[in-house]
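Welcome, and thanks for taking a look at this protein.

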Amino acid sequence: MGRRRRESVRMQAAELFEQKIKPPEVARRLRVSLKSAYQWHQLWRDGGVQALASRGPSGSRCRLSPRCLEKLAGYLEQGPAAHGWVEDQVWTAARVATLIGRKFHLSYSVSGATRLMHRLGFSPQVPARRVAERDERAVQAWKEATWAEVKEPGRPAEATSASRTKPASPADRPGDVPGAGVDRPRS
């Protein structure tokens, strides 16, 4: 969608250039940078309207054919257990990259596998990692007994200063503000 919109703006610029409108005015009217307007003007002068047409999506092409993408989608639909991951039913990007390597003999990075999954309508999951031997009662007992002793107390509720270098003096404080009657020892 964004690519078509950007191409539309460039085509509007081409129409304005054909009307002999200068790049600074084109930039102002189309609300684009002056640099873009000058670049488009140069392209338009050298190659006409066709030079401003979109050249398709940027980036490298997908290394999997449309047929292989269909197969991959089918494999993902089957679930991880069908492909050897039985500990949980979660497709992680790393697992999908491994699956692509096994089935199609192509090496994909984890981020590349993530992009492929999104393209196919899937989202990679991050499995919750819990210790298998976790004892919830022991954890709760530790939180109640030990954590209360270890945890540091919060800041005391007293008058504070906005200055980091000079604490406020109670004498400088107006009488009707919170903490006005509190005298702090000087250090």
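In this predicted model, helices H4 and H5 pack at an angle of about 125°, and their axes are 11 Å apart. The two helices are therefore oblique to each other. Their crossing is right-handed. On the H4 side, the contact is made by Cys68, Lys71, Leu72, Tyr75 and Leu76, while H5 brings Val96, Leu99, Ile100, Lys103 and Phe104. Sorted by class, this contact of H4 with H5 has 8 nonpolar residues, 2 charged residues and no polar ones.

Two of the residues just named deserve a second look. Tyr75 and Phe104 form an aromatic pair of the tilted kind, with 6.1 Å from centre to centre and 40° between the planes. Tyr75 sits in helix H4 (residues 66-78) and Phe104 in helix H5 (residues 93-104), so this pair links distant parts of the chain, 29 residues apart. Are these two residues buried or exposed? Both Tyr75 and Phe104 are buried.

Helix H5 also holds Arg95. With a relative accessibility of 10%, Arg95 counts as buried, because the cut-off for buried is under 20%. Which residues does Arg95 touch, leaving aside those up to four places away in sequence? They are Pro80, Trp85, Glu87, Asp88 and Val90.

Now let us move to the start of the chain. Helix H1 (residues 2-18) packs with H2 at an angle of about 140°, with the axes 10 Å apart. That makes H1 oblique to H2. The crossing of H1 and H2 is right-handed. From H1, the residues Val9, Gln12, Ala13, Leu16 and Phe17 meet Pro23, Val26, Arg29 and Leu30 in H2. By class, the contact of H1 with H2 has 7 nonpolar residues, 1 polar residue and 1 charged residue.

The axes of helix H2 (residues 23-30) and helix H3 (residues 34-47) come within 8 Å and cross at roughly 125°. H2 and H3 are therefore oblique to each other. H2 passes H3 in a right-handed crossing. Here Pro23, Pro24 and Ala27 of H2 meet Leu34, Ala37, Tyr38 and His41 of H3. The contact of H2 with H3 has 6 nonpolar residues, 1 polar residue and no charged residues.

Here are the helix pairs side by side.

| Helix pair | Angle | Axes | Crossing |
|---|---|---|---|
| H1 and H2 | about 140° | 10 Å apart | right-handed |
| H2 and H3 | roughly 125° | within 8 Å | right-handed |
| H4 and H5 | about 125° | 11 Å apart | right-handed |

Back to the aromatic rings for a moment. How many aromatic pairs does the structure hold? There are 3 aromatic pairs. One of them is formed by Phe17 and Trp44, a tilted pair with 5.6 Å from centre to centre and 40° between the planes. Phe17 lies in helix H1 and Trp44 in helix H3, so the pair ties together parts that are 27 residues apart in sequence. Phe17 has a relative accessibility of 3% and counts as buried.

Ser8 has its place in helix H1. At 34% relative accessibility, Ser8 counts as partly exposed. The C-alpha atoms of Ser8 and Leu52 are separated by 9.4 Å, although the two residues are 44 residues apart along the chain. Pro57, for its part, is in the loop between H3 and H4. With 61% relative accessibility, Pro57 counts as exposed, because the cut-off for exposed is over 50%.

Finally, a step back to the whole protein. Of its 187 residues, 27% count as buried. Among the contacts with a separation of 6 or more, 43% are between residues 24 or more positions apart.

Conventions:
Residues are numbered from 1 along each chain as its sequence is written. This is a predicted model: local features need pLDDT of at least 70, side-chain atom pairs count only at pLDDT 80 or more; totals for chains, interfaces and linings use all residues. Side-chain values use heavy atoms; hydrogens and water are left out. Axes are lines fitted to C-alpha atoms, for helices over the stretch in contact, and angles run from 0 to 180 degrees between N-to-C directions. Helices (H or I, at least four residues) and strands (E, at least two) are DSSP runs, numbered from the N terminus. Angles under 35 degrees count as roughly parallel, over 145 as roughly antiparallel, 65 to 115 as roughly perpendicular and the rest as oblique. A crossing is left-handed if the near helix is turned anticlockwise from the far one by less than a right angle, and right-handed if clockwise. Contact means heavy atoms within 4.5 Å. Ala, Val, Leu, Ile, Met, Phe, Trp, Tyr, Cys and Pro count as nonpolar, Asp, Glu, Lys and Arg as charged, and the others, Gly among them, as polar. Rings of Phe, Tyr and Trp (its six-membered ring) pair if their centres lie within 6.5 Å; planes under 30 degrees apart count as stacked, over 60 as edge-to-face and the rest as tilted. Buried means under 20% relative accessible area, exposed over 50%, partly exposed in between (1.4 Å probe, protein chains only).
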